[in-house]
Number of protein chains: 2
Amino acid sequence: MTTVTSTNPSSGAQRDLAMSESTDADVLEAARRAANAADDFAHRPLMWRAGLLQAMAEELEADAANLVALAHEETALPLPRLEGELRRTAFQLRFFADVIKDGSFLDPTIDHAVDSPMGPLPDLRRVRVPLGAVGVFGSSNFPFAFSVPGGDTASALAAGCPVVIKAHPAHPATSQAAFDALVRGARRTEAPEGLLSLVFGFAAGTALVDAPQICAVGFTGSVGAGLALWERANARSVPIPFFGELGSANPLVVTTSAASERSGEIGSGIAGSMTLGAGQFCTKPGLIFVPAGEAGDVLVAAIVASLEELDGFTMLSTGIADHFRRGVDAIASTSAHALVQRDKGESAHASCQLFEVDGESFRSPGAYALREECFGPLALVIRYQSEEDLRDSLNATEPALTFSLFGVDGDPDASWLLSLGAQRAGRLILNGFPTGVGVSWSMQHGGPWPSTTNAAATSVGAGAIERWLRPVTYQSVPDTLLPPSLQESNPLALSRRVDGVWSPRS
Amino acid sequence: MTTVTSTNPSSGAQRDLAMSESTDADVLEAARRAANAADDFAHRPLMWRAGLLQAMAEELEADAANLVALAHEETALPLPRLEGELRRTAFQLRFFADVIKDGSFLDPTIDHAVDSPMGPLPDLRRVRVPLGAVGVFGSSNFPFAFSVPGGDTASALAAGCPVVIKAHPAHPATSQAAFDALVRGARRTEAPEGLLSLVFGFAAGTALVDAPQICAVGFTGSVGAGLALWERANARSVPIPFFGELGSANPLVVTTSAASERSGEIGSGIAGSMTLGAGQFCTKPGLIFVPAGEAGDVLVAAIVASLEELDGFTMLSTGIADHFRRGVDAIASTSAHALVQRDKGESAHASCQLFEVDGESFRSPGAYALREECFGPLALVIRYQSEEDLRDSLNATEPALTFSLFGVDGDPDASWLLSLGAQRAGRLILNGFPTGVGVSWSMQHGGPWPSTTNAAATSVGAGAIERWLRPVTYQSVPDTLLPPSLQESNPLALSRRVDGVWSPRS
């Protein structure tokens with residue numbers, strides 16, 4: 001039995017927690033309990049399900065001081081950031097309660113029997129049903145919002161799926177405390193036993209993906225870990241959907257006009273966005289496209305000046321800091337030159353870095369280190385000479401979660417740049433920074449491979465619920481045997497499409 | 001250069017066609033042309049795109065006599081069936097024109113900038129965009145509806161994706177003629193060059209899945225071919241979604257009450273459904289669960305009597321007939337006993353077969369041949385002794401496209417059986433047969449693995465369009481740079497969700 005250890009990245013201090021890493025048998029038992037809860041959970045009333053998420057939000061808030069203190073100790077993230085993240089996490093649970101109450105995630109669709117040009121068509125009614133028990137992997141960089149009580153858990157519960165959560169090893173005490181809060185919310189709303197479980201340890205993660213009762217997996221983390229688990233999910237005798245949000249290098253383009261007009265503001269903003277949370281955001285703008293020439297020089301100088309005012313950072317873990325230093329070394333070994341290269345630090349400590357390169361070098365096949373995500377407070381400035389140079393370099397980037405553009409009103413380049421961005425990213429930001437992902441109906445957090453494993457999915461916003469559902473059609477089934485969502489009298493007062501016409505909530 | 005050959009399965013006669021199997025270079029060129037057409041195509045007005053599909057439907061109808069004659073020669077399917085299938089295929093193109101005009105497949109969602117509890121949220125607008133050029137594999141068993149001009153092609157074009165189609169080798173002349181009709185429709189509506197291509201040959205299929213420009217693949221066919229291509233799609237350096245509809249054994253349950261009351265009607269219906277199209281339907285009811293005892297005996301006798309009236313069939317090809325004979329032999333080598341075992345036939349000819357087995361033998365781990373799909377005019381009757389025996393056997397089946405139930409009003413078993421069916425299939429049919437898949441808003445044609453590779457997808461009905469789309473969010477982008485679907489004034493008069501509230505078409 002390996003004891004779970006909590007590490008303080010600021011001090012390096014470690015303490016053993018009162019739990020052990022989960023064995024394969026533990027994981028299987030958790031998956032079995034989740035699967036056993038699935039049918040009961042799926043058939044609870046929608047309003048009850050919304051109340052469950054609200055109760056969980058309340059329990060998180062009630063324990064906020066403790067949760068934030070634990071997370072601060074384990075992640076070294078600043079207290080205000082963690083307080084805000086916890087508020088956002090509770091907001092997210094309540095948002096999904098609203099999504100449940102709205103009910104359109106069920107996509108109820110009814111076609112009454114009809115004599116069509118193809119002959120008689122029977123009564124057909126389609127609704128989405130939960131997939132069953134699912135697995136969720138907590139991320140390192142958002143100990144609340146993308147971890148135990150985060151968007152994957154919230155959206156899966158909203159869909160009607162029991163969840164087995166694999167805690168991230170960088171914040172086990174926070175994970176356990178957040179889990180306990182969720183369980184208190186589940187208990188006081190009399191949720192089915194086994195609805196939620198928490199497992200610890202590397203081996204538990206692979207066992208979770210392998211567990212036959214698990215019907216889908218949500219993951220936020222590194223490309224390496226994510227792809228290994230994605231392959232594992234596909235290699236099962238019954239493969240399952242694996243929704244991996246794997247991060248990206250996130251291009252940000254400044255047009256010549258914007259650089260000429262607003263270099264100071266844009267430069268300091270870039271410095272702030274790329275170092276927010278010590279650059280440990282999957283939406284960090286990592287590739288900054290700046291025109292060659294004087295306007296661009298002024299902009300780059302503004303970024304440099306802002307970065308030089310910054311202190312060092314404590315990263316989420318020594319492992320992440322080591323990985324960051326390796327990334328910095330890899331970039332330094334290319335033809336990119338350092339504009340800001342502060343002390344690389346040791347153990348979990350690191351400082352910000354800024355490199356610059358020309359387009360041709362950026363596109364060089366051997367210089368992959370320049371194009372891949374470097375998780376941490378680093379960005380690469382690519383100086384472009386012309387529209388063609390810019391376009392070629394953008395086409396050499398990997399598809400990303402986000403694409404940001406700074407331009408001016410009537411900017412002649414905005415149109416083609418946004419069009420190119422739409423082909424290569426999931427979210428396009430005009431005159432703003434990609435860090436900060438709003439929880440809303442219209443958020444898309446997911447882009448083409450390799451930024452996520454499924455570009456049609458999102459892990460933030462109302463659309464996140466769709467990952468945990470599949471449609472079922474009932475043919476010629478009378479009201480007495482139909483789920484309430486499909487009954488003729490529309491007892492749940494849902495928006496439904498009836499005979500091809502969408503009718504809003506009655 | 002290998003010449004493409006057309007074979008008449010009835011006579012065995014072969015004729016060389018005026019085309020060669022596609023080389024890898026041909027496939028790459030087709031994919032490149034499709035990718036080059038993608039941007040233009042994606043940005044054409046929705047009404048134009050609807051008109052394209054309508055023109056294609058008209059061109060198919062204008063060439064109906066020729067198409068049906070070719071298909072009859074190549075598939076041996078009866079003329080009335082082929083005439084109906086072609087009508088259905090044209091109807092399907094027009095149906096997707098309606099889906100385009102409806103516009104809700106775009107799922108336009110707008111959240112205006114707001115001060116949320118989380119601080120200010122920017123203006124966010126989300127819409128679905130086409131994935132780009134896609135590949136489609138024609139099936140053998142529906143030379144129109146699931147082949148060149150079928151649902152995959154129609155839904156991909158509706159989504160705004162150019163298509164490279166791999167013709168099924170069992171009906172190359174039909175494929176070419178149907179393709180020519182589609183191209184005539186594309187030409188007269190001035191569609192972009194390269195919008196549609198047709199490739200031939202086994203190697204062309206693998207080259208199509210490998211082609212870097214291809215963004216997704218739709219496939220209808222066997223489990224073996226489908227899984228091999230699915231693995232290939234996942235093994236690319238940039239994996240792509242592979243939507244495989246692989247068929248299933250399709251359980252059909254008759255309750256004791258239903259067997260007692262309506263054995264004659266149900267028995268003859270089963271015989272008809274399992275032999276429709278020589279049993280070459282992915283929705284063929286292959287596993288017939290009948291109660292032990294007298295009522296079940298009468299029902300089985302009715303199936304047998306109906307089957308014994310049937311002549312032999314000409315299958316789609318000698319290969320499919322050979323495969324069918326191997327399946328029959330595999331079942332005959334188990335403890336199942338033959339109730340109807342007519343001449344197994346030779347070359348492309350075959351006859352119907354009915355076997356019977358008890359629940360325990362059906363569930364035996366070694367008797368997988370009893371549980372897998374046997375494509376052709378064959379079904380297996382499983383006689384159940386009790387609710388428990390029935391439930392255990394149903395849980396031993398593989399998840400399926402469909403689940404059919406024959407019961408009576410107030411049948412005590414209907415509820416748990418439909419509930420079990422909903423967990424294991426994509427479409428539930430009460431007192432009806434699974435063959436016949438209506439093209440409508442509420443159709444689901446796709447079930448849990450291994451019946452399809454993605455249980456959340458459908459290859460028939462309005463939902464089929466969703467496979468070819470992914471969402472993109474625009475943040476703080478003004479109207480002048482937004483696609484029309486997201487502009488504030490709603491110029492396309494779409495149904496949209498605005499600030500959380502769904503508004504029907506204005």
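**Close-ups of a two-chain predicted model**

**View 1. Where chain B meets chain A.** Here 55 residues of chain B are in contact with 55 residues of chain A; two residues count as in contact if their C-beta atoms, placed from the backbone, lie within 7 Å. This is a predicted model, where local features need pLDDT of at least 70, side-chain atom pairs count only at pLDDT 80 or more, and totals for chains, interfaces and linings use all residues. Residues are numbered from 1 along each chain as its sequence is written, while chains are lettered from A and ligands numbered from 1 in the order in which they are written. On the side of chain B that touches chain A, β21(B) gives the largest share, seven residues. (Helices, H or I of at least four residues, and strands, E of at least two, are DSSP runs numbered from the N terminus.)

**View 2. A strand pair across the two chains.** Strand β20 (residues 425-430) of chain A runs parallel to β21(B), joined by three bridges; strands pair if DSSP finds at least two bridges between them. Look for A:Arg427, which stands opposite B:Thr473.

**View 3. Turning one chain onto the other.** Rotate chain B by 180°, with 0.0 Å of shift along the axis, and it superposes on chain A with an RMSD of 0.0 Å. That's the relation of a two-fold axis. In chain B, the C-alpha nearest the axis belongs to B:Pro504, 3.4 Å from it.

**View 4. A buried loop residue, A:Leu246.** A:Leu246 sits in the loop between β11 (242-245) and β12 (251-254) of chain A. A:Leu246 is buried, with 24 other C-beta atoms within 10 Å; buried takes 20 or more such atoms, exposed 12 or fewer, and partly exposed is in between, with C-beta atoms placed from the backbone. A:Thr452 is 206 residues apart from A:Leu246 in sequence, yet their C-alpha atoms are 5.3 Å apart in space.

**View 5. Helix α11(B) and its two sides.** This helix (residues 318-332) has 15 residues. Its buried residues are B:Ile320, B:Ala321, B:Phe324, B:Val328 and B:Ile331. The face turned away carries exposed B:Arg326 and B:Asp329.

Terms used. Copies are superposed by least squares on the C-alpha atoms of residues with pLDDT of at least 70 in both. The expected span of a helix is 1.5 Å times one less than its number of residues.
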